[in-house]
Amino acid sequence: METVSTNRSHGGAQGVYKHDSRETGTEMTFSVFVPDHAPGSKLPVLWYLSGLTCTHANVTEKGEYRAACAEHGVIFVAPDTSPRGDDVPDDEGYDFGKGAGFYVDATEEPWAKHYRMRSYIESELPALIAAEFPVDMDRQGITGHSMGGHGALTIGLRNSGRFRSVSAFSPIVSPLNCPWGDKALGGYLGQDRSTWREYDACALIEDGARVPDLLVDQGTADGFLEDQLKTHLLRDACDKAGQPATIRMQEGYDHSYFFISTYLGEHVGWHAARLKA
């Protein structure tokens, strides 16, 4: 692991780091905020997964989470969204290829070699974080925005024993039922839609996956709400399955970091209450 930068902020250290990933076969960059803490102590960790076109930098620079993380004593980890590099295949569209890894392990060529974001987020990066930072891996939460909200929901549901808390902002709740999902999952996984279900939060809940609790914030002025995000499908799936969920429609908010930064500190506090219990 190589340190790219460190900055003092809100009584803690905000760092950016990079390493060579065995899963993606590329160099990967991520950021970590570590609040001040007693020597030898370990802190709970909150993972944040970013959305389409984003890198670790978007939430690191715009998220406004550090004050809340310092107050509650929570480490905040923000990975990249996809592999990067000249040898990594890409697509002309913003919603596929670099910046659009969708947190899947691709099975279709030419994507299968590098696009292994599921294994990177679920296995490789947690092992690195556990080795290099003072984290208590028994106290993990996960959140994310848009495509990253999809990632947070599906990774949380598939690994319910690992994550005590799961939340999301403006998540893609059902890639099986939206154009972004058709393009991404069809391209990365092929046309057998039965293989897509493990990457669809609503399908996972229908198939029996559960988490202890769920918090979702969605802006009513989000231009992607009707065609791509379809929050009502998640509400219906949770209601039908008895999955505890607080799904809040926030009046007048859009899809941007103006929305996320308004509520991200509240999400940190929500996670902290569950991670410290």
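Me: What makes R66 count as lying over the face of Y65?
Reply: Keep in mind that this is a predicted model. R66 is 4.8 Å from the ring centre of Y65. The cut-off for Arg is CZ within 6 Å of the centre and within 35 degrees of the ring normal, so R66 qualifies as lying over that face.

Me: Which cluster does Y65 belong to?
Reply: Ring pairs tie Y65 together with F33, Y48 and F76.

Me: Why is the pair of Y48 and F76 called stacked?
Reply: Their centres are 5.8 Å apart, with 25° between the planes. Pairing needs centres within 6.5 Å, and stacking needs planes under 30 degrees apart, so Y48 and F76 pass on both counts. Y48 sits in strand β4 and F76 in strand β5, 28 residues apart, so the pair links distant parts of the chain.

Me: How do you know whether Y48 and F76 are buried or exposed?
Reply: Y48 has a relative accessible area of 0%, and F76 also comes out at 0%. Buried means under 20%, so both residues are buried.

Me: What makes F96 and Y188 a stacked pair?
Reply: Here it's 4.4 Å centre to centre and 20° between the planes. With limits of 6.5 Å and 30 degrees, the pair therefore counts as stacked. F96 lies in the loop between β5 and α3, while Y188 is in helix α5, 92 residues away. Both F96 and Y188 are buried.

Me: How many aromatic pairs turn up in the whole structure?
Reply: The search finds 15.

Key
Residues are numbered from 1 along each chain as its sequence is written. This is a predicted model: local features need pLDDT of at least 70, side-chain atom pairs count only at pLDDT 80 or more; totals for chains, interfaces and linings use all residues. Side-chain values use heavy atoms; hydrogens and water are left out. Rings of Phe, Tyr and Trp (its six-membered ring) pair if their centres lie within 6.5 Å; planes under 30 degrees apart count as stacked, over 60 as edge-to-face and the rest as tilted. Helices (H or I, at least four residues) and strands (E, at least two) are DSSP runs, numbered from the N terminus. Buried means under 20% relative accessible area, exposed over 50%, partly exposed in between (1.4 Å probe, protein chains only).
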